[in-house]
Amino acid sequence: MFDAKKLLDQFLGSQMPGASGSVGQKGNDLLGMAKANPWKSGALAAVLLGTKTGRSLGGNALKLGGLAVIAGLGYQAYKNYQAGQKPEPTQALPELLPPPTDSPFSTEPQAVSNDFALSLVRAMIAAAKADGHIDASERSRIMDKVHLSGLGAEAEAFIEAELAKPIDLDALVASAKTEEQKVEIYTASRLTIEPDTRTERGYLDMLAGRLGLPDALVDHIEATVASAKISL
């Protein structure tokens, strides 16, 4: 089985060989790589799925792995929700950092299984398919770019299968065993799409309902993701 966490890095920001040094320097290095070879850089969500979200998050997400982006935003939203703050997008979202190692949102290897990381990838692909625009010809175009990205045959086959099959919301919801994992599933889905159609908004609302997330918590996730985009 391929490393789903590395695939997440490609979807929402890449930790590629050669990008060493400080977090800031790593981000600069990766941005340079993205310009030199856009098919082997981070923010693969934009490359594969054509999402505004993927493009807007690329620069910030390149500083972290994809899993840390999802967990970091989920942790921030959950913390604000528990503190009883008002869920409003702000112009001054603090620099996104990985959650603390002792948090249920931790990205440490012992805290996140490959299976759940795979569920987060599935959540992103499912969200991208929610408006029904990915038909056979679009899948073919996407897979051409996936091949150029150099992910490897096993990861390519997984993405191709996920793009082709119907959304399995039951399995996606069942993969989240804790409230924190439910938050991450929703956050990953919301990062993938900009819900500017009724279909996309309806999908996210249905997902939140099936996950059993309180409305106020969903509002915090929405506001945190919105603030992350504003701050770029």
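This is a predicted model: local features need pLDDT of at least 70, side-chain atom pairs count only at pLDDT 80 or more; totals for chains, interfaces and linings use all residues.
The protein exposes about 10,500 Å², and carbon and sulfur atoms supply 52% of that area.

**The chain as a whole**

The protein contains 12 helices and zero strands, and its pattern along the sequence is accordingly written as α-α-α-α-α-α-α-α-α-α-α-α. Of its 232 residues, 51% count as buried.

Helix 10 covers residues 179-192, which gives 14 residues, and the distance from its first C-alpha to its last is 20 Å, close to the 20 Å expected at 1.5 Å a residue. This helix is mostly covered, with 12 of its 14 residues buried. Among the buried residues are Val 183, Ile 185, Ala 188 and Leu 191, but also Glu 180, Glu 184 and Arg 190.

Helix 5, made up of residues 66-82, has 17 residues and reaches 24 Å from its first C-alpha to its last, close to the 24 Å expected at 1.5 Å a residue. It too is described as mostly covered, with 13 of its 17 residues buried. After helix 5 comes Gly 84, and the phi of this glycine is positive, near 75°.

**How the helices pack**

Two packed helices are described by the angle between their axes and by the distance between those axes.

| Helix pair | Angle between axes | Distance between axes |
|---|---|---|
| Helix 6 and helix 10 | about 40° | 8 Å |
| Helix 6 and helix 8 | roughly 45° | within 9 Å |
| Helix 5 and helix 10 | roughly 115° | within 9 Å |

How is helix 6 oriented relative to helix 10? Helix 6, residues 114-129, packs against helix 10 at an angle of about 40°, and the two helices are therefore oblique to each other. The crossing is right-handed. On the side of helix 6, the residues that take part include Phe 116, Leu 120, Ala 123 and Ala 127, and they meet a set of residues in helix 10 that includes Gln 181, Ile 185, Ala 188 and Ser 189.

Helix 6 also packs against helix 8, which spans residues 153-164, and their axes cross at roughly 45°. That angle makes helix 6 oblique to helix 8, and the crossing of this pair is right-handed. Here Leu 118, Val 121, Arg 122, Ile 125 and Lys 129 of helix 6 meet Phe 158, Glu 162 and Leu 163 of helix 8.

For helix 5 and helix 10, the axes cross at roughly 115°. That makes helix 5 roughly perpendicular to helix 10. The contact between them involves, among others, Leu 67, Ile 70, Leu 73 and Tyr 78 of helix 5, together with Glu 180, Val 183, Thr 187 and Leu 191 of helix 10. The crossing of helix 5 and helix 10 is right-handed.

Ala 127 belongs to helix 6. Because its relative accessibility is 0%, Ala 127 counts as buried. Leaving out residues up to four places away in sequence, Ala 127 touches Ser 189, Thr 192, Ile 193 and Tyr 203. Ala 127 and Leu 207 are 80 residues apart in sequence, while their C-alpha atoms are 9.5 Å apart in space.

Ser 189 lies in helix 10. Is Ser 189 buried or exposed? With a relative accessibility of 0%, Ser 189 counts as buried. When its neighbours within four places in sequence are set aside, Ser 189 is in contact with Ala 123, Ala 127, Leu 204 and Leu 207.

Glu 200 is found in helix 11, which runs over residues 198-211. Why does Glu 200 count as buried? The cut-off for a buried residue is under 20% relative accessible area, and Glu 200 counts as buried because its relative accessibility is 8%. Not counting residues up to four places away in sequence, Glu 200 touches Asp 131, Ile 193, Glu 194 and Pro 195.

Technical notes: Residues are numbered from 1 along each chain as its sequence is written. Side-chain values use heavy atoms; hydrogens and water are left out. Helices (H or I, at least four residues) and strands (E, at least two) are DSSP runs, numbered from the N terminus. Buried means under 20% relative accessible area, exposed over 50%, partly exposed in between (1.4 Å probe, protein chains only). Accessible areas come from the Shrake-Rupley method with a 1.4 Å probe; for residues, only the protein chains shown count as cover. The expected span of a helix is 1.5 Å times one less than its number of residues. Axes are lines fitted to C-alpha atoms, for helices over the stretch in contact, and angles run from 0 to 180 degrees between N-to-C directions. Angles under 35 degrees count as roughly parallel, over 145 as roughly antiparallel, 65 to 115 as roughly perpendicular and the rest as oblique. A crossing is left-handed if the near helix is turned anticlockwise from the far one by less than a right angle, and right-handed if clockwise. Contact means heavy atoms within 4.5 Å.
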